[in-house]
Amino acid sequence: MALDFSVQCRNHGFMAAPIAPAVLAELLGSGWRRHRETADALADALRALAVDGRVAARTRIPSERALAPSLGVGRGTVTRAYDRLRDE
């Protein structure tokens, strides 16, 4: 999957295009659900996508509200995962 780097962010230079919730859910797969607390597992899986290059740096990821139904989890789970990643 190729990402479009033509979208420019006013404060951070070039950013990749946003990734659709369904596409991110497909990239995540279901393996992340098998481990520990769901929010921690989701945060780890999201980090892994960025580290291994499956999601380009500075890609805009979906909002909690948009991603939760695509993953079949509650919004709070996605919020906790995003909060954990922001805190790191």
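Helix α2 gives the most to the lining of the largest pocket, with four residues; helices here are DSSP runs (H or I, at least four residues) numbered from the N terminus. A pocket is an open set of points on a 1 Å grid over the protein atoms alone, where a 1.4 Å probe fits and protein lies on both sides within 12 Å along at least five of seven lines, and its lining residues have an atom within 4 Å of a point. The model is predicted, so that local features need pLDDT of at least 70 and side-chain atom pairs count only at pLDDT 80 or more, while totals for chains, interfaces and linings use all residues. Residues are numbered from 1 along each chain as its sequence is written, and side-chain values use heavy atoms, with hydrogens and water left out.

The lining of the largest pocket is made up of 14 residues, and Leu46, Ala50, Thr59, Ile61 and Leu85 are the ones nearest its centre. Two or more of the lining residues come from each of α2 (38-51) and α4 (75-87). By class, the lining holds 10 nonpolar, one polar and three charged residues, where Ala, Val, Leu, Ile, Met, Phe, Trp, Tyr, Cys and Pro count as nonpolar, Asp, Glu, Lys and Arg as charged, and the others, Gly among them, as polar.

We turn next to the core. The largest nonpolar core has 19 residues, of which Leu24, Leu28, Trp32, Leu42, Leu71 and Val78 touch the most other members; such a core is a set of buried Ala, Val, Leu, Ile, Met, Phe, Trp, Tyr and Cys residues joined through side-chain atoms within 4.5 Å, and buried means under 20% relative accessible area, exposed over 50% and partly exposed in between (1.4 Å probe, protein chains only). Two or more core residues come from each of α1 (21-28), α2, α3 (64-71) and α4, and α2 gives the most, with six. Trp32, when residues up to four places away in sequence are not counted, touches Thr38, Ala41, Leu42, Ala45, Leu71 and Val73, a contact being heavy atoms within 4.5 Å.

Helix α1 has Leu24, Ala25 and Leu28 as its buried residues. Seen down the axis of α1, these fall within an arc of 100°, so they line one face of the helix, the arc being that of the directions from the helix axis to the C-beta atoms. The face turned away from them carries the exposed Ala22 and Glu26, whereas the cover over the buried residues includes α2 and α3.

In helix α4 lies Thr77, which counts as buried because its relative accessibility is 12%.
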